[in-house]
Amino acid sequence: MKKISLFFIVFFLALPLGYYSFLYFLPYYIMSEVARRKQLTYNQVYHQSLPTDASRAIVLPNPDFMYSIVLYDLSQKESLLIQSNLPDSSYWSVGFYDGNTSNYWVKNDQQLKSKKVKILLLLKGKHPPKDIDAANTEVVYAPTPKGIILTRLLVLDKKNLSYFDAIQKSFVIVP
Amino acid sequence: MIKNILLFFLFPLSLGLVVGSGWAYYQIKQFGKSKDQQILNGSWQTSLEIGSERETLFGRATVALNALFGLSKEEVIYFTATRDHEGNLIESQSEYVIEGQNIENARYWSITLYGEDLFLVPNSIQRFNMNAATVVFEKDTQKFQIYVSAQKKEKNWLPMPQKPQSIYLLLRLYNPQKSIYEHLDSIRLPIIKKIKN
């Protein structure tokens, strides 16, 4: 009788453990799956053309957007400085996601100060270098060392792809 | 002794972990089908938790699996629909018309069609969505009708996949004004009507 009770006690204790562990670890697993499927290397920019039915790395792609993605690791680098030109009037945004896929920072073209944006990414608790061009650089603090930066560039005028392509390619990591 | 440990500790432990994980996965896969913690507006539903750091453990896992890299409500509102205005599942074998009017209180809107795997579906004209720039409005109005069908239509054709499956529609509203995200359950959204079985 005692053994049967032990069986059910262990089972019912393991149930919520399995439930909440799954919920906790799933986003981290999915983040690593995205990196694996897209063959991403840390701290490099990857540009993606407009999604089609052949785009199967990330669910629910928006076919009107050119995406660029950076898988970052701040344990390998003290900081990450990125820069990009912004389009004249089309929507553009940059979103920062931590290791569990939460979006902790986002700004779009209308919220940024100039048409050439610089963003310095630092781990929370670190301080930006004193020689930073503060007037023209946004500083973002990452809650976890690993995460993803994702830019979205809206392309409504598909006949003008070369223009949007140039804007997209201007998004780089400054060495 | 070892047999007892296996039978009365490791086995129920493993079983509990598997059943618990399975239950979590099942609940997450109900995304878009459950009315819990969702804001409803006709056929459409949304959640303000998408893309937010305030997400619960469950909300974050759900978004990671079903709507990875979503943004917060100030940036984008995501309305999803898997059912027509009568509450029936949207299926690729049927034909639908989406009736609506231009959504001017957002910087950009689009309605995108996804298959049951949440990816874009192949079609002969490589069209996967309609937006304010591509939709043809009725003459002298801001009203539109989008035809969702596997059969070609003269205008505003959003192609269904040939393969029979359930369909997932996603209405995105970028940079919505407060008048939108403060009235998500009552703003006027397009109506999805079945016109042919």
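1. Start at Tyr168(B). In this predicted model, Tyr168(B) has a relative accessible area of 6%, so the residue is buried. The cut-off for buried is under 20%. Tyr168(B) lies in strand β9 (residues 168–174) of chain B.

2. Now look at the ring partner. The count of aromatic pairs over all chains comes to 22. Tyr114(B) and Tyr168(B) form an aromatic pair. Their centres are 6.5 Å apart, with 70° between the planes, and the pair is edge-to-face. Tyr114(B) sits in strand β5 of chain B and Tyr168(B) in strand β9 of chain B, so the pair ties together parts that are 54 residues apart in sequence. Is Tyr114(B) buried or exposed? Its relative accessibility is 0%, so Tyr114(B) counts as buried.

3. Another aromatic pair deserves a look. A pair of rings is described by two things: the distance of the centres and the angle of the planes. For Phe65(A) and Tyr108(B), the centres are 5.8 Å apart and the planes stand at 85°, so this pair is edge-to-face. The pair crosses between chains. Phe65(A) belongs to strand β2 of chain A, and Tyr108(B) to strand β5 (residues 108–114) of chain B. Phe65(A) is buried, because its relative accessible area is 0%. Tyr108(B) has 4% relative accessibility, so Tyr108(B) counts as buried.

4. Aromatic residues also gather in a cluster. Phe7(A), Phe8(A), Phe11(A), Phe12(A) and Phe11(B) make up one aromatic cluster.

5. Follow Phe65(A) into its strand. Strand β2 of chain A covers residues 65–73. How many of its nine residues are buried? The count is nine of nine. Both faces of β2(A) are covered. One side carries Phe65(A), Tyr67(A), Ile69(A), Leu71(A) and Asp73(A). The other carries Met66(A), Ser68(A), Val70(A) and Tyr72(A).

6. Next, the neighbours of β2(A). Strand β1 (residues 45–48) of chain A pairs with β2(A) in the antiparallel sense, over four bridges. In that pairing, Val45(A) has Val70(A) of β2(A) as its bridge partner. Strand β8 (residues 146–154) of chain A also pairs with β2(A) in the antiparallel sense, over nine bridges. Asp73(A) stands opposite Lys146(A) of β8(A).

7. Chain A also has an open sheet of four strands. Their order is β7-β6-β3-β9, and the pairing is mixed. Which strands stand at the edges? They are β7 and β9 (172–173) of chain A. Each has a single partner strand, so one side of each is left without a neighbour in the sheet. Strand β3 (residues 79–85) of chain A meets β9(A) in the antiparallel sense over two bridges. Within β9(A), Ile173(A) is the bridge partner of Ile82(A).

8. A search of the whole structure finds four cavities of 30 Å³ or more. The largest cavity holds about 60 Å³ of space. Its lining includes Leu112(A), Lys113(A), Ser114(A) and Glu138(A). Two elements give two or more residues to this lining: β6 (116–123) and β7 (137–142) of chain A. The largest share, three residues, comes from β6(A). By class, the lining has three nonpolar, three polar and four charged residues.

9. Asn108(A) is placed in strand β5 (residues 103–108) of chain A. Its relative accessible area is 2%, so Asn108(A) is buried. What does Asn108(A) contact, leaving aside its neighbours within four places in sequence? In chain A, the contacts are Tyr91(A), Trp92(A) and Ser93(A). In chain B, they are Glu75(B), Arg107(B) and Asn175(B).

10. Finish with a loop residue. Ser166(B) is found in the loop between β8 (157–159) and β9 of chain B. At 26% relative accessibility, Ser166(B) counts as partly exposed. Ser166(B) and Ser94(B) are 72 residues apart along the chain, and their C-alpha atoms are separated by 10 Å. Leaving aside neighbours within four places in sequence, Ser166(B) is in contact with Leu89(B), Ile90(B), Gly115(B) and Glu116(B).

Methods: Residues numbered from 1 in each chain as written. Chains lettered and ligands numbered in written order. Predicted model: local features only at pLDDT ≥ 70, side-chain atom pairs only at ≥ 80, totals over all residues. Heavy atoms only, no water. Buried < 20%, exposed > 50% of the residue type's maximum accessible area, 1.4 Å probe, protein only. Pairing = 2+ DSSP bridges. Phe/Tyr/Trp six-rings, centres within 6.5 Å; stacked < 30°, edge-to-face > 60°. 1 Å grid on protein atoms, 1.4 Å probe; cavity = no way out; pocket = protein on both sides within 12 Å on 5 of 7 lines; lining within 4 Å. Points joined across faces, edges and corners; volume = space filled by probe spheres on them. Nonpolar A, V, L, I, M, F, W, Y, C, P; charged D, E, K, R; others polar. Contact = heavy atoms within 4.5 Å.
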